[in-house]
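This report describes selected features of the structure shown below. Please keep the sequence and the model in view while reading.

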Amino acid sequence: MFSEQIINGITLGSIYAVVALGYTLVFGVLGIINMAHGSIFMFGAFMGVVATSTFGLPLPAAFLVAVVTAGILGFLLEVLALRPLRGKKGVSHLAPLISTIGVSIFLENLATKIFGAGNKPFRTSFSEVSFQIGSVNIYAVQIVIFVIAAILMIGLSLWLSKTKAGRALRASAEDLDAASLLGVNTKKMITMTVIIASIMGGIAGILVGMAFNSVTPQMGLSMGLKGLAIIILGGMGNVRGAVVGGLILGLAETAVVMTGASGFRDAIAFVAIIIILLVRPQGIFGKASEARR
Amino acid sequence: MLADLINPYYLQVLTFILINIVLGLGMYVTLSAGQLSLGHAGFMAIGAYASAILTFTYHMPMIVGMLFGTILAGIFGLIIGLPTLRLQGVYLAIATLGFGEVMRVIFVNWESVTNGAVGMSGIPNLGREISSALRDWGLQASSFGLRNNQLSSLVVFILLLIITILIFMFFRRQSQSRVGRAFAAIKMDENAAEAMGINITYYKVLAFVQGAMAAGFAGAIYAHITGYISPSDFDYHRAIDILIYAVFGGSEVIWGPVFGAAFLTAIPEFLRSIAEYRYMIYGVILVAMMAFRPQGIIDHRVLYRLKRRRQAKKAAKREKEVS
């Protein structure tokens, strides 16, 4: 029983980590909180439902559809909501926050219009398959989710550390102007960052759909909030922090459900935000100066 | 004659406009110190539920419930504001977004007190309360030539109009005082403000708590006017509503949120066909405002022009009289 809950917590946590990576990438490079990330995540989940249930496509094709949709949404987000604010004089630091809130509320209500307000089930061919290892019962879905999440996380950190594009992205995160002087096409890097972050969000959407077997237009908000809590927990713009923070939140939520207070599960993220801001505002892996003004 | 002019439906729309103006003013004062709060819906919920529970479950007088709801919202604002406002602006936005969600979760799950997702109904009605008080003084609706529901809508509207004007005057005077200048300095540049000797955490918390109290008060009034509240009345959409009053109307001058709240509350009432797409339009408005007019529709320049036009008219009139 206990080890099953640990596995549930790790599965959940690995999804949260993927969501949080999207926030962290954009914050790292652009220094802004992308409030629309949760809605793009939700759209990815719906694309998975539409592809598998309505068109009867296999799961890998569903992933492809979600990736393409989320990528397009990320591109539009950058071009329509973020780029017009960049480099403009007299724009307050709240402007990108408000602009992305606008995108999020638009997408949420668009999804309600297109897909309806209710729950949509997300069925996969192996959703009922489970293994017995010793006394522990593991669902195949959990393994698939964990493997995909792990591939994404490892792939992203390898890409960031080993490839030329990854280095350019890290240079842009360090200092946009200096990177530009050194010959990095920062405009392209920024667009790419938002698109990659959105794609991670779209994939996470499908993973959540598989894990909970349900997709709603409102899931973007609660998942977005958890992603934000995680990046505060792990340290803003820190990739390792996002992964560790995601696992911590996943395990903490599972622990709360185990004690029977499942209704208050969504409150954990908020409690985590307040505690970490009181105790260690820069996050677990953050540098001390970052959180200050 | 008077009876034909007073339409309870229009009075209700006007009353909601006033509530939204109070909410918009709460958002304005927080924004005027350069802070973005997404938790005003949560503070509104605290005010509404606190007042509803005190008056409905414990049969307290309505004024006690409203004051308690307002103060409780302020206390929660203090609890959220103190740890987050020492940090960068984004932390407050995230923490308040989480706060709004957590309040909703609590009101849904705390069923013994709040009746859960179903919501509370039968909350004492402000209009009825005042009408019955008037009746005790010997003032009947018929003595004004009005029906009962007309009288109650009318007294609620007048009372709320007076309160709204008082709140407006308070924020207006404050914005021209030492406190308001401190807010403006922090909004411009926190580091420079701090270097000038302004205690920026104190003023940011002050602005935020004032906004929370305004939202709490609006929530309490809302509960006693509609008579029914549920957690879904105070969800993320409500937070967006409150935000857009100030962003659309303008967060630079105090007339901005007044205009934004009045305009955006009235329009969906008269254009029913677009009401369905309201939040999609709001999303487009938020993005477009940030790109093209971040200070909102009403800014210093618009006010200045209006003032000049009025002065020019006056001058022309005077000239005519002289000649």
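In this predicted model, 34 residues of chain B are in contact with 40 residues of chain A.

Which helix of chain B gives the most to the side that touches chain A? That is helix 5 of chain B, with 13 residues. Sorted by class, the side of chain B that touches chain A has 24 nonpolar residues, eight polar residues and two charged residues.

Chain B also contains Gln150(B), which is placed in helix 8, a helix made up of residues 148-175 of chain B. Gln150(B) counts as partly exposed because 19 other C-beta atoms lie within 10 Å, whereas a buried residue has 20 or more. In sequence, Gln150(B) and Ile6(B) are 144 residues apart, yet in space their C-alpha atoms are 6.7 Å apart.

In chain A, helix 1 covers residues 2-30 and so has 29 residues. From its first C-alpha to its last, helix 1 of chain A reaches 41 Å, close to the 42 Å expected at 1.5 Å a residue. Helix 1 of chain A is mostly covered, since 22 of its 29 residues are buried. Just after helix 1 of chain A comes Gly31(A), which takes a positive phi of about 70 degrees.

Key. Residues numbered from 1 in each chain as written. Chains lettered and ligands numbered in written order. Predicted model: local features only at pLDDT ≥ 70, side-chain atom pairs only at ≥ 80, totals over all residues. Helix = DSSP H or I, 4+ residues; strand = E, 2+ residues; numbered from the N terminus. Expected span 1.5 Å × (residues − 1). Buried ≥ 20, exposed ≤ 12 C-beta atoms within 10 Å, placed from the backbone. Contact = placed C-beta atoms within 7 Å. Nonpolar A, V, L, I, M, F, W, Y, C, P; charged D, E, K, R; others polar.
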